[in-house]
Amino acid sequence: MAVYPAETLSSSLRGLSIWWEVLFPALFPFFVISELLLGFGIVHFFGKLLDPLMRPLFGLPGIGGFVVTMGYISGYPVGARLTAQLWEQRLVTRTEGERLVAFTTTSDPIFLIGAVSVGFFQNAALAPLLAAAHYGGGLLIGFLMRFHDRRAAGSSRERGQAQDGRARMRRPSRIAEALKAMHEARLLDGRDLGKLVQDSVQSALKLMIVVGGLVVFFSVVMEMLTHAGVVELLAEAVRAIFGLVGLPWQLADAGVYGLFEVTLGSRAAGTAGTGLMHQAGIAAWVLSWGGLSVHAQVASLLSRTDLRYRPFILARMVHGFVAVALVYLLWGWLGPR
């Protein structure tokens, strides 16, 4: 940073611009809304309704369905944020929380379609393929994660089955039970509307500052690593690996940049010029891996809980390779003509 002060400042400003112009308007409303929905008990309402679907498919309580929906709509790191909130309220166990974070940390559709497909690739027809590979791979990871730490999750699963059994004996309908759960959660929260809105905005702002700091930090780190020649060394190693597996070596830059940051990696994939199918494959890997910048955001959220980071990073690795495989498998059906 002392040797390249001008580049340090420009990269820092570039990261700040990305945070202020893209991430803040995209994520801040979702963070506030998620706090409000928890306070009003609406999350508990959907939890009761979705329980019969979530448990057999993903080994999760129904309340996890809300996290899946919000995580896939609003993108990283909203899924981790909501999971941490559910854990703090003792609505999910550690194992269930680790399962949730593993497959709800995805790109939002606006970024995947608008920024990657249209902006970087200049090909809107690529969006269905990338979406199928990225989100389909995420759901497949969620299904596989139901086998994660099954012994630790046994008591939670049995508790849910016992509660369902008692509920079937006494409830007139699942909707009535869901409304009751929402009412009880609202009474338990106890905050009036003004206090709830104030707390929601304050909590969302604190999280956005953390996200912004990490984006600026990794922007500077990438710039310094580039000037120090580290990125080029990594690219050479990746080119050798790609050559062994038969992939174009020009995609190495996208892989290296995507290792650190999603936006940089996706942009590099769109301009690699190696054939659209291979470029889409590396873009799907970048989106599914998430970049170390997103990993740092998730780790900061998990640090306040007892949820472990190791299952998350393993799931991201597997998700990346699954997404690449799905791109090649689905190219004949969903690929641009």
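Student: What are the ground rules here?
Tutor: The model is predicted: local features need pLDDT of at least 70, side-chain atom pairs count only at pLDDT 80 or more, and totals for chains, interfaces and linings use all residues. Residues are numbered from 1 along each chain as its sequence is written, and side-chain values use heavy atoms, with hydrogens and water left out.

Student: How many salt bridges does a search of the whole structure find?
Tutor: Nine. A salt bridge here is a side-chain nitrogen of Lys or Arg within 4 Å of a carboxyl oxygen of Asp or Glu.

Student: What does Glu223 pair with?
Tutor: Arg14, at 3.1 Å, N to O. Glu223 sits in helix H10 (residues 193–228) and Arg14 in helix H1 (residues 5–40), so the bridge ties together parts 209 residues apart in sequence. Helices are DSSP runs (H or I, at least four residues), numbered from the N terminus.

Student: Is Glu223 buried or exposed?
Tutor: Buried, at 18% relative accessibility. Buried means under 20% relative accessible area, exposed over 50%, partly exposed in between (1.4 Å probe, protein chains only). Arg14 is partly exposed at 38%.

Student: Switching to helix H5. Which residue does Arg94 bridge to?
Tutor: Glu98, at 3.9 Å, N to O. Both lie in helix H5 (residues 94–104), four residues apart, about one turn of the helix. Glu98 is buried at 2%. Arg94 is partly exposed at 32%.

Student: And Asp199, what is its partner?
Tutor: Arg191, with the closest N and O atoms 3.1 Å apart. Asp199 is buried at 17%, and Arg191 is partly exposed at 24%.

Student: Which residues are linked in a network?
Tutor: Glu232, Glu236, Arg239 and Asp253, through salt bridges.

Notes
Helix = DSSP H or I, 4+ residues; strand = E, 2+ residues; numbered from the N terminus.
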